[in-house]
Amino acid sequence: MKQNLLFVLSCMLLLSSSAFAQTKLVKGTVTDSATNTALGGVSVTVPGTSLGTMSDDDGQFSLNIPITVQSLSFSLVDYQPQTVDASGNGPFIILMKTVSK
């Protein structure tokens with residue numbers, strides 16, 4: 001009886017810990033669509049959450065997100081904001097367009 005209880009508790013602990021660890025790492029590059037220049041300082045966020053990061057000077061970004069996340073948003077001053085499908089594995093290539101003035 002004690003062995004069965006111990007087995008059941010061990011299984012529950014194992015299953016609950018794996019449920020919290022269901023994340024994936026998304027990586028990519030953000031560039032200007034007209035010049036193909038890397039864009040640093042681009043805000044990369046998961047809509048509706050506080051999860052996010054910024055692209056580095058080489059336009060590179062990486063972010064751990066829950067596997068249930070469906071989209072990522074990208075924004076930078078003087079560029080049109082974008083929301084892209086995040087269900088793939090990447091790497092993501094994001095081409096930002098300047099805002100027409």
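A: What follows starts at the core and then goes through the sheets and the loops.

The model is predicted, so local features are taken only at pLDDT of at least 70 and side-chain atom pairs only at pLDDT 80 or more, while totals for chains, interfaces and linings use all residues. Residues are numbered from 1 along each chain as its sequence is written, and side-chain values use heavy atoms, with hydrogens and water left out.

The largest nonpolar core has 18 residues. A nonpolar core here is a set of buried Ala, Val, Leu, Ile, Met, Phe, Trp, Tyr and Cys residues joined through side-chain atoms within 4.5 Å. Buried means under 20% relative accessible area, exposed means over 50%, and partly exposed lies in between, with a 1.4 Å probe and protein chains only. The residues with the most contacts inside this core are Val 30, Phe 61, Ile 65, Leu 72, Phe 74, Ile 94 and Met 96. Two or more core residues come from each of β1 (23–32), β4 (60–66), β5 (71–75) and β7 (92–96). Strands (E, at least two residues) are DSSP runs, numbered from the N terminus.

Leaving aside neighbours within four places in sequence, Ile 65 is in contact with Thr 23, Lys 24, Val 26, Val 46, Leu 72 and Ala 86; contact means heavy atoms within 4.5 Å.

There is one aromatic pair, and both of its rings belong to residues listed among those with the most contacts in the core. Rings of Phe, Tyr and Trp (its six-membered ring) pair if their centres lie within 6.5 Å; planes under 30 degrees apart count as stacked, over 60 as edge-to-face and the rest as tilted. The ring centres of Phe 61 and Phe 74 are 5.4 Å apart and the planes stand at 70 degrees, so this pair is edge-to-face. Phe 61 is in strand β4 and Phe 74 in strand β5, 13 residues apart, and the pair links distant parts of the chain. Phe 61 is buried at 4% relative accessible area, and Phe 74 is buried at 1%.

β1 and β7 run parallel and are joined by five bridges. Within this sheet, Val 30 stands opposite Ile 94 in β7.

The other open sheet has four strands in the order β3-β2-β5-β6, and its pairing is antiparallel. β3 (52–54) and β6 stand at its edges with a single partner strand each, so one side of each lacks a neighbour in the sheet. Here the twist averages 20 degrees from one strand to the next. β2 and β3 pair over three bridges in the antiparallel sense, and the bridge partner of Val 44 in β3 is Thr 53.

β5 and β6 are paired antiparallel over four bridges, with Leu 72 bridged to Val 84 in β6. Ser 73, also in strand β5, is buried at 16% relative accessible area. Its side chain makes a polar contact of 3.2 Å with that of Thr 83. A polar contact is a pair of N or O atoms within 3.5 Å; within protein, one must be able to donate a hydrogen and the other to accept it, and residues adjacent in sequence count only if both atoms are side-chain atoms. Not counting residues up to four places away in sequence, Ser 73 touches Ser 43, Val 44, Thr 45, Pro 47, Gln 82 and Thr 83.

The loops remain. β5 and β6 form a hairpin with six residues between them, and Asp 78 in the turn has a positive phi of about 75 degrees. Asp 78 is partly exposed at 44% relative accessible area. Asn 36, in the loop between β1 and β2 (43–45), has a positive phi of about 60 degrees although it is not a glycine; Asn 36 is exposed at 58%.

The loop between β6 (82–85) and β7 holds Gly 88 and also Pro 91. The peptide bond from Gly 90 to Pro 91 is cis, with omega near 5 degrees.

Key: Pairing = 2+ DSSP bridges. Axes fitted to C-alpha atoms, helices over the stretch in contact; angles between N-to-C directions.
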